[in-house]
Amino acid sequence: MVLPLFLKSVHSCFRKTSQSIDTIAVVIKMNKKKRSAMILTIATVSLCLVAWLSKPNTTNTIGSIVSGKTAVKEIYNVEKQNTIRKTLDEQIAQGSHSENNALMVYNPFGTNTLSMYTYFTTAQGAKISYTIHVEDDKIADFTRTLNSDYTRTHEYQLIGLIPDHENTITLHMEYEDGTNKDVTYTYTCGSLKGNESIQLETKEGSSREELSDGLYVILGNDSDEDDFMYYYDNNGILRGEVPIEGYRSHRLLFANERMYYSISTNKMAEMDALGQITNVFDLGNYDLHHDYVFDDNGDMLILATDTTKDTVEDMIIRLDVSSGAVSQVVDMGDLFPTYKASVYDKDNDELDWTHLNTIQWMGDNEILVSSRETSTIVKITDIYGTPEIAYMMGEKTYWEDSDYADLLLDKANNFTSQTGQHSITYVEDDSLADGQYYLYMFNNNFGYSSTNTAYDWSQLNIPTEVKAEDAVSKYYKYLVDESKSTYELVDTFDVPYSPYVSSVQNIGGNTIVDSGMAFNFQEYDSDHTLIRSFTMEGEKYIYRVYKYTFDGFYFNQ
């Protein structure tokens with residue numbers, strides 16, 4: 001039989017005037033033995049985001065971009081997010097929601113266009129996995145195990161819906177008594193809010209190795225229109241569209257059962273696994289840029305610009321995520337006073353003289369930072385006391401005749417140091433001797449400094465033009481030996497050329513490379529043989545691509 005079941009609408013309180021609440025019919029197909037179905041009317045919370053939620057087919061006209069930006073600011077409003085949470089709690093309290101009658105609300109918090117909030121209880125403890133299927137031979141099923149042990153209360157955000165398709169969502173229950181059960185729901189998802197591709201162009205490499213687990217997260221589409229993070233699966237299928245206020249997110253950090261990411265030039269957001277924004281941190285007079293990392297105390301170190309000064313991208317600040325307090329930790333100008341003075345331009349009120357683009361925490365109040373403008377990597381000690389330069393890695397010819405030449409480590413073998421590098425990553429390894437560590441990076445292999453035009457990069461025999469013919473960038477991996485004051489190039493291979501931006505990441509024995517200006521990212525096996533490459537469209541570049549399993553957050557693989 002077919003039984004109509006109507007859930008009360010989830011009310012929005014964002015305007016004093018009344019708002020209509022969309023309802024979407026969803027067919028629930030019970031497991032085959034029962035051969036019955038119910039029509040479930042799911043209330044979608046509009047959040048008063050007119051251009052984002054209640055009008056899924058809105059195109060990106062100038063008008064909708066303006067309303068869309070306004071809507072995103074409403075998403076990152078903690079008070080309004082708490083109101084949505086309260087409404088969901090009221091909805092839960094008013095009904096009985098078993099696995100056969102789950103409360104499912106489409107994207108209630110507005111933080112992922114391709115998500116469904118789900119709540120239900122089971123009579124006995126159960127672990128839950130789910131599969132999303134659409135009737136399209138080009139789109140493979142998406143299956144994940146949700147982050148829970150055997151429990152009777154189940155509350156999740158299911159990500160991975162396919163836009164403009166009827167999605168079949170199958171919940172799989174693995175009960176404590178050893179039995180299993182599937183319950184299937186169908187939901188027709190509306191359109192994306194942005195213009196990104198649902199399916200990327202892919203090309204197979206010659207390696208037959210498996211791709212690593214996880215979702216590729218596109219960080220920085222740098223569009224003149226709306227800004228997002230995108231999640232793509234191993235088949236290049238879009239599984240998440242996360243709106244941000246502007247600029248870009250630089251990486252995802254996980255702590256305290258929360259996910260942290262930048263949402264604008266001066267705000268960081270904290271989100272739980274249900275998609276609720278639980279905190280937004282305003283950085284005051286500081287603009288963030290390029291990168292951030294947690295220290296051992298749970299505070300966040302952020303690369304920043306002091307907007308009250310006439311230099312940019314040369315500060316490091318600390319954000320206390322428990323209190324929201326912001327304080328300055330390092331001013332690179334204090335560490336390089338004579339070099340900064342040598343390139344100072346009184347007519348430039350935004351002097352980008354060092355251009356920090358990565359920060360790595362080493363423990364013991366020590367950090368590594370990457371300076372793109374000088375093509376140098378710097379270790380800084382005692383950052384919470386009296387910061388000092390411990391040493392640097394870069395070309396000696398760049399620093400000769402300066403006050404900092406003696407701070408350079410020696411090369412242990414013959415190679416050209418990194419130039420224009422991005423995405424440096426510090427790696428401890430128990431097999432190494434004390435004082436040794438690995439450091440890998442995207443070596444852009446591009447020589448240029450806008451503030452030190454006197455240096456001749458061509459002497460390094462590297463590309464010096466953005467559109468250099470037949471140029472390549474490189475994956476670089478160093479073995480750094482602090483006891484010997486040396487660094488050694490222990491691994492390298494060529495990757496598609498990108499003079500600016502880009503990233504690399506070692507994960508699961510493979511290496512993921514984003515050649516940002518080529519709009520291409522690739523995954524290579526442990527022998528550096530290409531497994532698969534992905535190409536996407538864009539206006540400027542793809543700033544970074546990192547892969548995340550989301551284990552312990554959304555999933556438990």
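Tyr 487 is buried, with a relative accessible area of 0%; buried means under 20% relative accessible area, exposed over 50%, and partly exposed in between, with a 1.4 Å probe and protein chains only. The model is predicted, and local features need pLDDT of at least 70, side-chain atom pairs count only at pLDDT 80 or more, while totals for chains, interfaces and linings use all residues. Residues are numbered from 1 along each chain as its sequence is written, and side-chain values use heavy atoms, with hydrogens and water left out.

**Surroundings of Tyr 487**

- Tyr 487 belongs to strand β30, residues 486–496; helices (H or I, at least four residues) and strands (E, at least two) are DSSP runs, numbered from the N terminus.
- Leaving aside neighbours within four places in sequence, Tyr 487 is in contact with several residues, among them Met 393, Leu 409, Phe 415 and Tyr 478; contact means heavy atoms within 4.5 Å.
- A polar atom of the Tyr 487 side chain lies 3.4 Å from the backbone oxygen of Gly 394.
- Tyr 487 and Asn 413 are 74 residues apart in sequence, and their C-alpha atoms are 8.2 Å apart in space.

**The protein chain as a whole**

- The protein chain contains 5 helices and 35 strands.
- Of its 557 residues, 58% count as buried.
- Among contacts between residues at least 6 apart in sequence, 59% join residues at least 24 apart.
- The protein chain exposes about 23,000 Å², of which carbon and sulfur atoms supply 44%; accessible areas come from the Shrake-Rupley method with a 1.4 Å probe, and for residues only the protein chains shown count as cover.

**The loop between β28 and β29**

- Asn 444 is placed in the loop between β28 and β29, and at 0% relative accessibility Asn 444 counts as buried.
- The side chains of Asn 444 and His 422 make a polar contact of 2.9 Å; a polar contact is a pair of N or O atoms within 3.5 Å, where within protein one must be able to donate a hydrogen and the other to accept it, and residues adjacent in sequence count only if both atoms are side-chain atoms.
- Not counting residues up to four places away in sequence, Asn 444 touches residues including Thr 419, Val 472, Tyr 497 and Ser 502.
- Ser 458 also has its place in the loop between β28 (436–443) and β29 (472–481), but Ser 458 counts as partly exposed, at 40% relative accessibility.
- The side chain of Ser 458 is joined to that of Asp 456 by a polar contact of 2.5 Å.
- Ser 458 and Tyr 448 are 10 residues apart in sequence and 9.5 Å apart in space, C-alpha to C-alpha.

**Strand pairing**

- Strand β12 (residues 227–232) pairs with β13 in the antiparallel sense over 6 bridges, and Met 229 stands opposite Val 242 in β13.
- Another open sheet, of 5 strands, has the order β10-β34-β33-β32-β31, also with antiparallel pairing.
- Its edges are β10 (201–204) and β31 (503–507), each with a single partner strand, so one side of each is left without a neighbour in the sheet.
- Strands β33 (residues 520–524) and β34 (residues 530–535) run antiparallel and are joined by 5 bridges; Phe 521 stands opposite Phe 534 in β34.
- Strands β16 and β17 form a hairpin with 5 residues between them, and Gly 275 in the turn has a positive phi of about 95°.

**Aromatic rings**

- A search of the whole structure finds 39 aromatic pairs; rings of Phe, Tyr and Trp (its six-membered ring) pair if their centres lie within 6.5 Å, and planes under 30 degrees apart count as stacked, over 60 as edge-to-face and the rest as tilted.
- Phe 553 and Tyr 554 form an edge-to-face pair, 4.8 Å centre to centre with 65° between the planes.
- Phe 553 is buried, with a relative accessible area of 6%, and Tyr 554 is buried as well, at 4%.
- Ring pairs link a cluster that includes Phe 336, Trp 353, Tyr 404 and Trp 457.

Terms used. Pairing = 2+ DSSP bridges.
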